[in-house]
Amino acid sequence: MDLLHGGDLYKMGIRYSRQHLDRLEKAGKFPRRIKLTPNGRVIWLASEIHEWLKDRIKSRSDNEPGSGSPSSPPGGDHDRDL
């Protein structure tokens with residue numbers, strides 16, 4: 001079982017703030033973190049993060065003709081996920 005921490009998410013291109021990840025998790029739009037220690041160390045299951053990324057990519061390709069929207073700003077709009 002592979003585990004990821006916040007730095008791993010960042011390296012994968014998931015550069016949301018901790019607060020934004022909290023909102024997405026509570027809304028059921030991002031895999032839930034696993035609390036490892038009482039002082040706040042958390043991890044995510046790599047399989048769940050990879051599945052979330054695949055779903056995001058599939059959703060994009062299902063909703064947009066071609067490879068992308070030229071009017072979309074680089075990095076996207078993080079709040080549209082809520």
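**Close-up views of helix H3 and the sheet**

**View 1. Packing of the buried side of H3.** The buried residues of H3 pack against S1, helix H1 (6-11) and S3, where contact means heavy atoms within 4.5 Å, and helices (H or I, at least four residues) and strands (E, at least two) are DSSP runs numbered from the N terminus. The model is predicted, so that local features need pLDDT of at least 70 and side-chain atom pairs count only at pLDDT 80 or more, while totals for chains, interfaces and linings use all residues. Residues are numbered from 1 along each chain as its sequence is written, and side-chain values use heavy atoms, with hydrogens and water left out.

View 2. Ala46, Ile49 and Trp52 of H3 are buried (under 20% relative accessible area, with exposed meaning over 50% and partly exposed in between; 1.4 Å probe, protein chains only). Because these residues cover an arc of only 130° around the axis, taken from the directions from the helix axis to the C-beta atoms, they lie on the same side of H3. The face turned away from this buried side carries the exposed residues Ser47, Lys54 and Asp62.

View 3. Three strands form an open sheet in the order S1-S3-S2, with antiparallel pairing (two strands pair if DSSP finds at least two bridges between them). The edge strands, each pairing on one side only, are S1 (3-4) and S2 (34-35). Two bridges join S1 to the antiparallel strand S3 (residues 42-45), and Leu4 has Trp44 in S3 as its bridge partner.
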